[in-house]
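Please look over the model below before reading my points.

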Amino acid sequence: KTAVIFSLEDVLIPAPTDARGKIDPAQVSAFLDDALAFQKKNPGLQYYLISAYSEKICAQKIKEANLERYFPASHVFAVNEKYLSVRDPVDREIYQKKCEGDEYCTDEYFRQVQMKQIMEQNNIAPQHMLLLGHDYWFDGFYTRRFSAVDILFIEEALSARGKEIPERIEG
């Protein structure tokens with residue numbers, strides 16, 4: 001793989017679906033330190049951060065979690081007016097209603113759009129990308145279907161459609 005996409009919510013920071021408190025900031029920092037060291041040894045490897053939050057909330061969360069040093073600003077993407085302006089009017093209205101009174105609302109579809117843009121702008125084939133995610137539906141099903149990118153799930157934060165998975169099948 002030459003490009004790794006990190007989801008911000010429930011992967012690098014606790015988010016609403018991480019009610020279990022499984023995202024450990026110390027472990028995240030240690031992992032990202034190792035990832036940067038690995039990247040230095042593999043110069044063609046690029047890391048990107050995609051958030052389903054608005055740009056404002058994404059920037060706030062990155063600052064709170066001290067993640068600025070891991071991702072250059074040019075590799076951080078969040079829901080913005082440009083993205084919203086090209087959405088279908090019905091989808092844009094649904095998003096706006098969802099966000100009324102909730103500045104922490106998310107647009108999970110944004111990840112798919114942004115991954116495709118990263119691929120197009122950087123001439124990266126889907127088979128050379130990897131998404132670190134947590135949700136079987138939002139990250140798993142939709143990413144395979146729309147972006148054809150491989151996914152690595154963070155087990156401690158597994159969810160389905162934004163909700164904790166109450167039961168796991170061992171094996």
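1. Basis. This is a predicted model, in which local features need pLDDT of at least 70, side-chain atom pairs count only at pLDDT 80 or more, and totals for chains, interfaces and linings use all residues. Residues are numbered from 1 along each chain as its sequence is written, and side-chain values use heavy atoms, with hydrogens and water left out.

2. Sheet. Five strands form an open sheet in the order E3-E2-E1-E4-E5, with parallel pairing. Strand E3 (76-79) and strand E5 (150-153) are the edges; each has a single partner strand, so one side of each lacks a neighbour in the sheet. Neighbouring strands are turned by 25 degrees against each other on average, direction ignored. Helices (H or I, at least four residues) and strands (E, at least two) are DSSP runs, numbered from the N terminus. Two strands pair if DSSP finds at least two bridges between them.

3. Strand E1. Five of the five residues of E1 are buried; buried means under 20% relative accessible area, exposed over 50%, and partly exposed in between (1.4 Å probe, protein chains only). Ala3, Ile5 and Ser7 point one way from E1, and Val4 and Phe6 the other. In a regular strand the side chains alternate between the two faces of the sheet.

4. Bridges. E1 and E2 run parallel and are joined by five bridges. Serine 7 has isoleucine 50 in E2 as its bridge partner. On E1's pairing with E4, also parallel, there are four bridges. Here valine 4 is partnered by leucine 130 in E4. Strand E2 (residues 46-54) pairs with E3 over three bridges, in the parallel sense. Serine 54 stands opposite valine 79 in E3.

5. Helices on the sheet. Helix H2 (residues 55-64) lies across E2 and E3, at about 120 degrees to E2. H5 lies across strand E1 (3-7), E2, E3 and strand E4 (129-133), and runs at about 150 degrees to E2. Axes are lines fitted to C-alpha atoms, for helices over the stretch in contact, and angles run from 0 to 180 degrees between N-to-C directions.

6. Positive phi. Asparagine 66 is not a glycine, yet has a positive phi of about 55 degrees. The residue sits in the loop between H2 and E3. Asparagine 66 counts as exposed, at 52% relative accessibility. Alanine 148 also has a positive phi, near 60 degrees, and lies in the loop between H6 and E5. Alanine 148 is partly exposed, at 34%.

7. Threonine 143. Is threonine 143 buried or exposed? Threonine 143 is buried, with a relative accessible area of 0%. The residue belongs to helix H6 (residues 136-147). Not counting residues up to four places away in sequence, threonine 143 touches Gln112, Met115, Leu131, Phe138, Ala148, Val149 and Ile151. Contact means heavy atoms within 4.5 Å.

8. Largest pocket. The lining of the largest pocket has 13 residues; Arg87, Lys98, Asp107, Glu108 and Tyr109 lie nearest its centre. Helix H4 (89-99), helix H5 (109-122) and H6 each give two or more residues to this lining. H4 gives the most, with four. A pocket is an open set of points on a 1 Å grid over the protein atoms alone, where a 1.4 Å probe fits, with protein on both sides within 12 Å along at least five of seven lines; lining residues have an atom within 4 Å of a point.
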